[in-house]
Amino acid sequence: MKKLLIGIGILSVLSTGFMAMNTYRRVVNNSFGPGEHIEYRVHYGFINAAEAVVDVSPTLYKVNDRPCYRVNVDGRTVGAFDLVTRVRDTWRSYIDTSAILPQKFYTNLQENKYRKEENITFNHEANTVKAEERTEKDVFKVPDNVHDLISGYYFLRTIDFNKLSSGQIIEVPAFYDDTIYNMKVRYRGKDVIKAKGGKINVIKLNPVLPPGNAMFKEEESIRIFVSDDANKIPIKVEVDLWIGSMAMDLKQNSGLKQPLKFF
């Protein structure tokens with residue numbers, strides 16, 4: 001009997017350890033990987049306003065004992081816009097390769113005289129995030145499988161939109177600037193658009209904006225056209241503002257899972 005109890009105890013400990021090792025979800029990702037490089041041009045009518053570069057590092061990083069993709073997003077104003085509103089922003093997310101969840105999120109914002117630099121560490125087992133440089137409240141409780149702004153976008157790229165019906169909404173919890181957001185994106189079906197490389201099949205998405213927003217005209221003022229292939233990268237983004245319209249177009253890319261198919 002003693003040996004039986006010891007055996008049960010050992011099995012219990014092993015079982016608990018096994019469950020702890022598998023608290024993370026597993027997400028099938030056939031859409032992106034190390035070495036992906038994408039550049040965008042942002043324009044206001046015919047005027048170049050800004051440029052953005054999105055990079056997935058060629059090497060993996062270990063964060064919180066988990067292998068991660070390191071994704072950098074750099075945005076800056078150019079030309080005449082740079083004289084009026086100078087922006088030099090960097091966002092960086094370390095995204096768990098198997099769960100497609102953030103382990104660490106870094107921001108360095110330089111917008112005119114405004115400055116902000118912050119490191120956020122995620123603990124998905126405890127469902128908390130920690131602002132590393134804070135001296136005041138630095139730990140926040142968050143929902144299961146919470147994202148940062150970058151990892152939420154990469155998670156959307158893993159979704160099989162062929163299984164969704166037009167009008168269906170995808171909801172992703174996200175944490176940014178001490179606040180939990182319920183990011184909502186509405187699937188609007190498929191289309192064909194003209195881009196720099198020619199015509200291309202796309203998936204149409206609308207981020208659902210809260211009503212009464214001071215910047216945007218209506219709830220669906222942002223329209224995202226994503227390549228209808230394994231990559232699912234934004235080809236074009238259109239934004240309707242109260243003061244006019246802006247657009248972001250794919251400028252160039254490399255390191256995609258498969259070449260874009262223009263026709």
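The following dialogue concerns a predicted model and the reasons behind the terms applied to it.

Colleague: What makes up the chain in terms of helices and strands?

Modeller: The chain has three helices and 15 strands. Of its 263 residues, 46% are buried. The chain exposes about 14,700 Å², and carbon and sulfur atoms supply 57% of that area.

Colleague: Why is α3 described as largely enclosed by the rest of the structure?

Modeller: A residue counts as buried under 20% relative accessible area. Six of the eight residues of α3 are buried, and the helix is therefore described as largely enclosed. The buried residues are Ile-150, Ser-151, Gly-152, Tyr-154, Phe-155 and Leu-156.

Colleague: Which elements do the buried residues of α3 pack against?

Modeller: They pack against β2 (47-56), β4 (66-77), β5 (87-96), β6, β10 and β11 (179-195).

Colleague: What makes Asp-148 a cap of α3?

Modeller: A side-chain oxygen of Asp-148 lies 2.9 Å from the backbone nitrogen of Ile-150, at the N-terminal end of α3. A polar contact requires N or O atoms within 3.5 Å, and the pair formed by Asp-148 and Ile-150 is at 2.9 Å.

Colleague: Why is Thr-90 called buried?

Modeller: The cut-off for a buried residue is under 20%. Thr-90 has 18% relative accessibility and therefore counts as buried. Thr-90 lies in strand β5, and its side chain is joined to that of Asp-74 by a polar contact of 2.7 Å. Leaving aside residues up to four places away in sequence, Thr-90 touches Val-73, Asp-74, Tyr-106, Thr-107, Asn-108 and Leu-109.

Colleague: Is Asn-162 buried or exposed, and how do you know?

Modeller: A residue is called exposed over 50% relative accessible area. Asn-162 has 57%, so it is exposed. Asn-162 is found in the loop between α3 (149-156) and β10.

Colleague: What makes the pair Asn-162 and Lys-190 a polar contact?

Modeller: The limit for such a contact is 3.5 Å, and the side chains of Asn-162 and Lys-190 meet at 2.5 Å. The two residues are 28 residues apart along the chain, and their C-alpha atoms are separated by 9.7 Å.

Colleague: Why is Asn-112 called partly exposed, and why is Asn-127 called buried?

Modeller: Partly exposed is the class between buried, under 20%, and exposed, over 50%. Asn-112 has a relative accessible area of 40% and is therefore partly exposed. Asn-127, at 15%, counts as buried.

Colleague: How many cavities does the search find, and what lines the largest cavity?

Modeller: The search of the whole structure finds one cavity of 30 Å³ or more, with a volume of about 60 Å³. Its lining consists of Phe-105, Thr-107, Glu-118, Ile-120, Phe-175, Tyr-176, Asp-177 and Asp-178. By class, four of these are nonpolar, one is polar and three are charged. Strands β6 (102-111), β7 (114-123) and β10 (169-176) each supply at least two of the lining residues.

Definitions and conventions
Residues numbered from 1 in each chain as written. Predicted model: local features only at pLDDT ≥ 70, side-chain atom pairs only at ≥ 80, totals over all residues. Heavy atoms only, no water. 1 Å grid on protein atoms, 1.4 Å probe; cavity = no way out; pocket = protein on both sides within 12 Å on 5 of 7 lines; lining within 4 Å. Points joined across faces, edges and corners; volume = space filled by probe spheres on them. Helix = DSSP H or I, 4+ residues; strand = E, 2+ residues; numbered from the N terminus. Nonpolar A, V, L, I, M, F, W, Y, C, P; charged D, E, K, R; others polar. Buried < 20%, exposed > 50% of the residue type's maximum accessible area, 1.4 Å probe, protein only. Polar contact = N/O pair within 3.5 Å; in protein donor to acceptor, adjacent residues only side chain to side chain. Areas by Shrake-Rupley, 256 points an atom, 1.4 Å probe, with all protein chains shown as cover. Contact = heavy atoms within 4.5 Å.
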